[in-house]
Amino acid sequence: MTAHPSSAVLVGREADLAALRDALKRTRGGEFAAVLVGGEAGVGKTRLVEEFSRTASADGLRVLTGQCLELGEEGLPFAPFAAALRELARTDGPGVLDDRFAHLLPELGPAPETELTQRRGYLFDLVAGLFARISADRPLVLVLEDLHWADRSTRDLIGFLARSARLPQVLLVATYRTDELHRGHPLRPFLAELDRVRGVQRADVDRLDRDGTTEMLTHLLGTEPEPALADTVHDRAQGNPFFIEQFAASADPVCCDIPHSLRDLLLSRVDQLGDQAQRVLRVAAVGGTSFGHETLIRVAGMPEADLETALRSAVAAQLITVEADGGYEFRHALVREAVHDDLLPGEHARLHVRYAETLTELPTLVAAGRAPAEIAHHWHAARDYPRALVAARVAAGTARAQNAYAEQSRLLERVLDLWEVVGDAARLLDAGHVDLLEEAALAAIDAGDHQRALKLTRAALSDLDAAAEPLRAARLLVRRAKLLYNAGTSNGATEARAAYNLLRDAPDVPERVLLLADVSQSLGGIDDDLAAEVAATARASAAFTGDVADTAAAAITYGLLCAGRIAAEDGLPAMIAAADRARHAGDLPNLVRTLVIISDSLFELGRYAESAAAAEEGIPYADRVGVGRTKGVFLLTNHAEALIALGRWDEADARHAEAARLDPPGTLALPWLQLRARLRLARGHDGAQPLVQRAVAFLARPYVDRENRLSLLELRIQGALHAGDHATVLSAARMAMTEPGIIERPRYGWPLLSAIATAAASAPAVPALAGPVAAGSSNSLPTSDPGAGSAEILGWAAATAERMPRRYPADHAYAAHVDATVGGGPGRWRAAVHAWRADGQRYQLAVALLRLAEASAAAGERVTAAEALEEAAAISRALGAAALTSEADTLARRIGMRSAAHASVAGAETLTGREREVLRLVAEGKSNPRIAELLYISPKTASVHVSRIIAKLEVTGRGEAAAVAHRLGLLD
């Protein structure tokens with residue numbers, strides 16, 4: 001017995017459920033409604049209907065289910081209705097049915113044989129009458145599954161219920177497979193007839209999109225899958241939930257092969273075709289998922305009339321579909337794969353040769369630009385390796401011209417593999433092995449496979465004579481330095497210095513300028529003096545060459561080098577000018593690099609809307625020039641960071657999802673990973689902690705740059721705070737205090753310092769140190785004192801804050817926040833609120849407002865506490881910050897207010913439950929007599945309640961009281 005996992009959570013079907021619920025709403029209103037749910041096999045029709053039926057049953061509705069049998073027109077008549085009636089007899093007892101229903105249920109005994117009972121109309125009326133009786137007290141949902149197998153009698157009874165009976169309070173839900181409906185299928189005209197009946201609607205269940213596949217895999221596997229795995233499963237299952245479950249159940253962690261049970265299921269459909277149609281499918285499968293009519297004629301080598309007859313059979317069997325452009329496509333890619341894998345060895349080679357020869361002769365038979373890749377594929381599959389070698393190199397060049405770097409990388413890997421097999425490869429390609437290694441390494445970098453690029457670069461350096469080719473050696477060294485840095489293996493300084501030594505005496509050519517710029521960037525933050533020297537050399541070399549792109553690259557290098565060393569507003573004009581030059585010259589690579597810096601600088605200045613706009617401009621350019629997984633991820637993250645500051649969290653999370661799908665390698669993933677983890681923590685998302693752990697794990701790598709380390713240390717504290725793990729909170733805070741660079745990197749140091757102070761303020765008291773913490777030149781605790789207590793940590797935080805730069809609005813806001821965290825009191829928290837309001841970050845403002853409410857409540861300032869609490873709750877609810885909203889509600893209860901949403905309404909907390917009911921009706925415009933009638937009280941009592949409400953709320957009349965009701969959310 002083989003068990004397959006099944007997702008307990010319905011994924012991606014919100015719109016489909018909404019359609020069913022809308023139909024149910026009409027049924028509750030006394031109408032008849034029918035929903036015909038169609039979709040291919042495995043798409044989740046039954047799962048959708050089961051979820052709908054479960055919620056309908058939970059709401060008190062009667063649900064009956066029947067299924068058609070796979071017997072077709074010769075099957076048991078009325079099979080789904082018989083099953084539904086058996087279910088009714090089980091739930092309501094056999095007495096609900098009498099012997100008149102014996103035509104449907106033989107177990108009821110012999111059916112009365114009269115002229116009337118022999119008429120089919122009598123049976124239809126009998127069934128309709130039964131459904132009318134049992135739906136009189138509560139609505140009935142009648143579910144009929146697999147209508148594509150329905151017999152004629154079943155279809156006729158359904159038609160009678162929909163067109164003639166039209167029972168009130170009855171909802172008919174029927175499912176059917178769209179891929180079973182060949183042209184002559186009897187259900188097709190029946191559905192067309194029902195389409196014209198009032199109250200009947202069609203609902204097509206589509207395949208899941210990529211995000212839906214990821215979500216479903218998360219539920220099936222118990223953890224969020226790696227983006228590469230999600231891409232693989234989505235590409236192969238194409239969003240079919242049943243296929244996704246099959247892949248999740250397979251023992252293959254990367255889903256390289258189709259599970260045997262699924263392969264047999266797919267091929268069983270093919271085996272039902274005639275020999276000619278099966279042969280055409282085999283020929284078509286060699287050509288790929290999509291194929292053209294003319295190509296198939298030339299490759300198959302059979303009369304066109306026979307080919308068309310075979311194709312017609314395959315189309316009727318729903319195995320292939322006709323496309324709008326006149327071509328064909330396998331209905332599902334896995335069907336093509338299963339057919340292709342079932343080919344005999346000789347047949348396999350022969351057909352691939354035929355395709356290669358045909359496309360070489362007529363490359364226009366396939367889409368523009370696709371012929372080289374397809375020709376290379378077919379020669380390789382045919383095992384003609386010399387031709388495959390040459391074709392793969394040509395196809396790789398075409399792929400690069402199209403910015404298809406992943407495809408280029410795969411093709412070049414094939415060239416390198418074939419190099420060892422084909423004896424005269426160098427002659428055939430007119431290229432050396434080092435040329436191929438470098439080309440493949442560059443393609444791997446552009447495709448985001450940095451580990452492979454490292455191996456290829458190391459191999460190229462081993463084969464190269466650096467003295468004879470210094471520029472090429474320097475280029476490879478710079479590339480290796482970047483790869484090591486991004487992998488977190490080292491800072492790449494050794495390779496960068498070696499490259500600079502080679503470039504010192506190299507001739508002044510454009511390539512030297514670009515390499516010097518890269519060396520300067522690699523040394524920035526590691527050896528700033530040498531980096532400045534290299535940057536100056538690059539600018540001088542750019543001035544000598546006079547090349548526009550060189551000048552832009554040198555300017556950008558200057559901007560990167562100065563980031564964090566000079567004020568952002570001082571470096572920004574040069575960056576904006578560089579962007580303008582790149583934009584005017586159509587230099588998209590340099591424009592992308594510049595927009596990364598500009599959006600980052602604008603964020604630091606607190607110009608969040610401008611930062612978002614700059615990042616958003618660069619995102620499509622990054623995709624266009626093929627750096628989506630590197631610079632594109634930075635732009636996506638910068639855009640998301642600005643959107644978070646502006647309070648546009650849903651948009652920000654969508655950007656995080658885009659970055660996650662790109663799956664940037666190594667430490668390039670840290671920007672989006674940290675931001676999404678913080679956002680999920682703020683939202684109280686169940687998936688926050690796995691993201692926190694995944695990000696914080698980077699701290700164990702041999703090298704992570706200082707800015708990322710500071711951010712990761714802050715995230716570790718925030719994660720522990722969210723988990724309520726006070727021991728880990730203090731441990732993380734103490735570790736962060738020993739980190740160098742907090743003062744020197746205020747952009748990242750201030751958030752970390754605030755997190756450290758918050759950790760100490762929120763933790764229970766622990767034993768203090770034997771001696772005080774020094775507040776001198778060091779910004780960390782002595783490593784010999786591992787048990788720092790909360791008071792000592794707060795003292796350290798206050799002392800460190802005094803020495804931190806305060807340049808921009810966020811710096812001042814964090815400074816005020818730390819000061820209030822350390823010192824407490826309403827006055828300091830008012831200052832923090834004012835500072836965050838000036839900066840504009842919505843979430844941080846809500847946090848400060850909540851702390852102000854706490855401090856004001858402790859000081860007895862009830863009005864201030866209520867006002868701050870209400871604003872904090874309003875912001876947190878608007879953002880979807882569930883954790884902060886819960887904290888606000890808890891505080892409201894502790895200080896005697898019903899909820900944070902009600903906090904600022906004078907007297908609202910003193911209203912009784914009955915008075916709140918009365919107030920809701922007042923807000924709806926009900927008169928006192930009507931209120932009395934609805935609440936079963938006397939008009940005099942209703943009048944008394946209204947008078948008390950007006951007095952308690954300190955309002956002048958019913959209109960103002962109604963406004964208060966809206967403010968309290970009583971009408972939600």
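Biologist: Are Phe-78 and Phe-124 buried or exposed?

Modeller: The model is a predicted one. A residue counts as buried when its relative accessible area is under 20%. Phe-78 falls in that class, as does Phe-124; the state of each is buried.

Biologist: Which geometry describes the pair of rings of Phe-78 and Phe-124?

Modeller: Ring centres must lie within 6.5 Å to pair, and planes over 60 degrees apart count as edge-to-face. The centres of Phe-78 and Phe-124 are 6.1 Å apart and their planes stand at 85°, so the geometry is edge-to-face.

Biologist: How many residues apart are Phe-78 and Phe-124 in the chain?

Modeller: Phe-78 belongs to the loop between β2 (62-67) and α3 (79-92), whereas Phe-124 is part of helix α4 (residues 120-134). The pair therefore links distant parts of the chain, because its members are separated by 46 residues.

Biologist: Where does the charged end of Arg-387 sit?

Modeller: A charge sits over a ring if CZ of Arg is within 6 Å of the ring centre and within 35 degrees of the ring normal. The charged end of Arg-387 is 4.9 Å from the centre of such a ring, that of Trp-379.

Biologist: What is the relative accessible area of Arg-383, a residue with positive phi?

Modeller: Arg-383 is not a glycine, yet its phi is about 65°. Its place is the loop between α16 (371-381) and α17 (385-401). Arg-383 is classed as exposed because its relative accessible area is 61%.

Notes. Residues are numbered from 1 along each chain as its sequence is written. This is a predicted model: local features need pLDDT of at least 70, side-chain atom pairs count only at pLDDT 80 or more; totals for chains, interfaces and linings use all residues. Side-chain values use heavy atoms; hydrogens and water are left out. Rings of Phe, Tyr and Trp (its six-membered ring) pair if their centres lie within 6.5 Å; planes under 30 degrees apart count as stacked, over 60 as edge-to-face and the rest as tilted. Helices (H or I, at least four residues) and strands (E, at least two) are DSSP runs, numbered from the N terminus. Buried means under 20% relative accessible area, exposed over 50%, partly exposed in between (1.4 Å probe, protein chains only).
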